[in-house]
Amino acid sequence: MLTPTDKIWHNGRLIRWDEATIHVLSHVVSYGTSVFEGIRCYATPSGPAVFRLREHVRRLVDSARIYRMENVGFSADQLAEGMLELVRVNKMESCYIRPIVFRGYGEMGVNPVKNPIEVYLACWSWGKYLGEEALAEGVDVCVSSWTRIAPNTLPALAKAGANYMNSQLVKMEALANGYSEGIALDANGYVSEGSGENIFVVRDGKIHTPPLGASVLPGITRDSVLILARDLGIPVVETLVPREMLYIADEVFFSGTAAEITPIRSVDRIAVGKGRRGPIAEKLQKEFFAVINGTRPDQYGWLSPVHAVQPAAAR
């Protein structure tokens, strides 16, 4: 269950957690007309900092635009500052941030354009999505019988609420069959992604990851892994990944805001590599967590401090 915080941001003002309600006949309830983000704020030695805030806001605005919500009423800068303010007001040292934009109460029917656009920003404490031990031990996954949404059905580049009905089917099937997560194939039978994570496959020291054209969400953590790998001199190729490559890989791992970098130890009961976290996943984890935990310089500018640093003369 969620642990409530004090405030939620709604259309530019802070309201109490329990006041963040919508009408049951809001357009989003019947038709899934929402776009959203998942963003982590990490505790660092210099205070809480939000990971890749600008990139997440940009993707939120892009998702809204794809669904013809061109004017959400707030600029990217205003949305970013709203999230920083929210974390400050709720006195969070680390948290998960959920911005969501949706069509609210007005008309009923498939055409959404006359319904008002609502913007909410919320945050709460949320631990490791697949479990703390999963970061070291890895997780057991299956290839789902559910196919990832085809590109001519729903736009996979948008992080939309409706897309996650597909993800729920993948996740529930995996859990029902005793796995931690499922991997969906795309409409052509190639590896796409997990229910809420991007995927990477390592073979002979080279990382393979499905391209965006394989119905893949352009993950912010996925992009971070690509940057870190290239800086570490690890070859990376974005390419179609056949299902069977999962079974002969040296390593497989997920990435995502919630999952961070989580190794996969088996696929369909077939052990991946030695059945535990491999050296490339471990190396990437080490670099990733060093940045987000503030134990090494943020050379990429990925962290947005929640509390602005005051100039020396103003202290």
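A: By class, 5 nonpolar, 1 polar and 7 charged residues make up the lining of the second largest pocket. Here Ala, Val, Leu, Ile, Met, Phe, Trp, Tyr, Cys and Pro count as nonpolar, Asp, Glu, Lys and Arg as charged, and the others, Gly among them, as polar. The model is predicted: local features need pLDDT of at least 70 and side-chain atom pairs pLDDT 80 or more, while totals for chains, interfaces and linings use all residues. Numbering runs from 1 along each chain as its sequence is written, and side-chain values use heavy atoms, without hydrogens or water.

The second largest pocket holds about 300 Å³ of space. A total of 13 residues line it, and Glu55, Arg58, Arg59, Pro218 and Ile220 are the closest to its centre. Two elements, α2 (53–66) and α6, each give two or more residues to this lining. The most come from α2, with 5 residues. Helices (H or I, at least four residues) and strands (E, at least two) are DSSP runs, numbered from the N terminus.

A pocket is found on a 1 Å grid over the protein atoms alone: it is an open set of points where a 1.4 Å probe fits, with protein on both sides within 12 Å along at least five of seven lines. Lining residues have an atom within 4 Å of a point. Points are joined across faces, edges and corners, and the volume is the space filled by probe spheres set on them.

Now the largest pocket. Its space is about 810 Å³. It has 34 lining residues, and Phe36, Tyr96, Arg98, Lys159 and Tyr164 are the closest to its centre. The lining of the largest pocket splits into 13 nonpolar, 14 polar and 7 charged residues. At least two residues each come from β3 (34–36), β6 (95–103), α5, β10 (191–194), α6 (220–231) and β14 (251–256). The most come from α5, with 5 residues.

That makes α5 worth a look. This helix (residues 163–176) has 14 residues and spans 21 Å from first C-alpha to last, close to the 20 Å expected. The expected span is 1.5 Å times one less than the number of residues. Asn163, Asn166, Ser167, Val170, Lys171, Glu173 and Ala174 are buried in α5. These residues lie on the same side of α5, because they cover an arc of only 165 degrees around the axis. The arc is that of the directions from the helix axis to the C-beta atoms. Met165 and Ala176 are exposed, on the face of α5 turned away from its buried side. Buried means under 20% relative accessible area, exposed over 50%, and partly exposed in between (1.4 Å probe, protein chains only). Cover for the buried residues of α5 includes β8 (139–143) and β9 (181–185), with contact meaning heavy atoms within 4.5 Å. Just past α5, Gly178 has a positive phi of about 90 degrees.

Further along is α8. Helix α8 (residues 279–292) has 14 residues and reaches 20 Å from first C-alpha to last, close to the 20 Å expected. Its buried residues include Ile280, Leu284, Phe288 and Ile292. Gly294 follows α8, with a positive phi near 75 degrees.

Asp268 has a phi near 55 degrees and lies in the loop between β15 (260–267) and β16 (270–271). Arg269 has a positive phi of about 70 degrees, and its place is in the loop between β15 and β16. Arg269 counts as exposed, at 55% relative accessibility.
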